[in-house]
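User: I would like to go through this structure with you, starting with the terms. Could you set out the accessibility classes before we turn to the residues?

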Amino acid sequence: MSSDLQKAANALAEDRRDEAAVFAWNALPSITAEEAPVLARIARELDDQLLLRELERRGLLTEAPAESPALPERKSLARRLLPAWPLLLVAIIALGTVAFNALGEPGSVEPSSNDAVFQPPTGQLPILREGGGVWLAPVGRLKTVDVQKLADDLTFRYRIPVGTLPQVQLPPWTLDSDRHQLVADSLLVLLSKYYEAEGNATIIGITDFDMRSNRAGVKGHAFALGARAHYGVISTAQLRGNVIDLWRGHTRYQRTRKLVARYIGFLFLHRAEVDDPHSLFRSQMSGAGDIDALIEKL
């Protein structure tokens, strides 16, 4: 078989019809009687009536004999895509991951130097004294949780007065710019500078920003941190619910509510830690799954 005829047959098998037509016409001037049936079959596949008429004019338009070379088998779509399956698999996984995350709640929020620019006057006295009850204060940014709804929910659920305080602004010394996190220990100091707590008053700050702690044994992200009395701080950054979490009822709001209730128990009711993975007063937790396992009972 001539090279042009072979190229035409191969191009047609790859579904490159325009290229096949060019090689077919190039093969026509030197076509032999033995090769003519193959060229005629290519012309029919391409529905090239001009090429068929030219073969007929030359007396070469006959059916291919049994022994004539067969056209290469046209590759199926699956066979053509087979070499690309690893890339297709990666693309499918990537798209699935994007969709999985997009259908869940927003992810964590990292603070930047622009979020911590407040400079309180030197020697500033606490802005407000609180003598009783539990108070919730937004710290820096808090957009993922409605703090007033949370306060009302906790008041109704536990019959403990829970109120809200104005937003606490972030000074630069609360930010760990290297790790893109707030320092929870510094936030506890900040809360005490804003609001002086007396008696059994408990003030719990809540922020959307990711945070860490300087305390020994607390590595990476810190969900929450409390002082020995009066003050606690909670981050919602790692509390997002994915699609499966939301289907099971585990939302960022629910997880935040559990953590606030936990610190109400520790700071306002003076409860001690217990060896029970389902208790609000269990020891340190390592993930959102530990929070989901907590039973909301003080």
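Analyst: Buried means under 20% relative accessible area, exposed means over 50%, and partly exposed lies in between, with a 1.4 Å probe and protein chains only. This is a predicted model, in which local features need pLDDT of at least 70 and side-chain atom pairs count only at pLDDT 80 or more, while totals for chains, interfaces and linings use all residues. Residues are numbered from 1 along each chain as its sequence is written, and side-chain values use heavy atoms, with hydrogens and water left out.

User: How much of the protein counts as buried?

Analyst: Of its 298 residues, 45% count as buried. The secondary structure comes to 11 helices and 10 strands; these are DSSP runs numbered from the N terminus, with helices (H or I) of at least four residues and strands (E) of at least two.

User: Moving to salt bridges, how many are there?

Analyst: The structure holds 12 salt bridges, a salt bridge being a side-chain nitrogen of Lys or Arg within 4 Å of a carboxyl oxygen of Asp or Glu. One of them joins R16 and E19, with the closest N and O atoms 2.6 Å apart. R16 is partly exposed at 35% relative accessibility, and E19 is partly exposed at 34%.

User: What about R157 and D153, where do they lie?

Analyst: Both lie in helix 7 (residues 147-158), four residues apart, about one turn of the helix. R157 counts as partly exposed because its relative accessibility is 35%, whereas D153, at 19%, counts as buried. The two also belong to a network of salt bridges that links D153, R157, R257 and E296.

User: And which residue does D292 pair with?

Analyst: D292 forms a salt bridge with R255, the closest N and O atoms being 2.8 Å apart. D292 is in helix 11 (residues 288-292) and R255 in helix 10 (residues 252-268), so this pair ties together parts that are 37 residues apart in sequence. Both D292 and R255 are buried.

User: Changing topic, how many aromatic pairs are there?

Analyst: There are four aromatic pairs. Rings of Phe, Tyr and Trp (its six-membered ring) pair if their centres lie within 6.5 Å; planes under 30 degrees apart count as stacked, over 60 as edge-to-face and the rest as tilted. The rings of F118 and Y194 have centres 6.2 Å apart and planes at 45°, so that pair is tilted.

User: What does it connect, then?

Analyst: F118 lies in the loop between helix 6 (85-102) and strand 1 (128-130), and Y194 in helix 8 (residues 184-194), so the pair ties together parts that are 76 residues apart in sequence. F118 is partly exposed, with a relative accessible area of 22%, and Y194 is buried at 7%. Y194 also forms a tilted pair with Y195, at 5.8 Å centre to centre and 50° between the planes.

User: Last one: where is T236, and is it buried or exposed?

Analyst: T236 is in the loop between strand 10 (231-235) and helix 9 (243-247). T236 counts as buried, at 1% relative accessibility.
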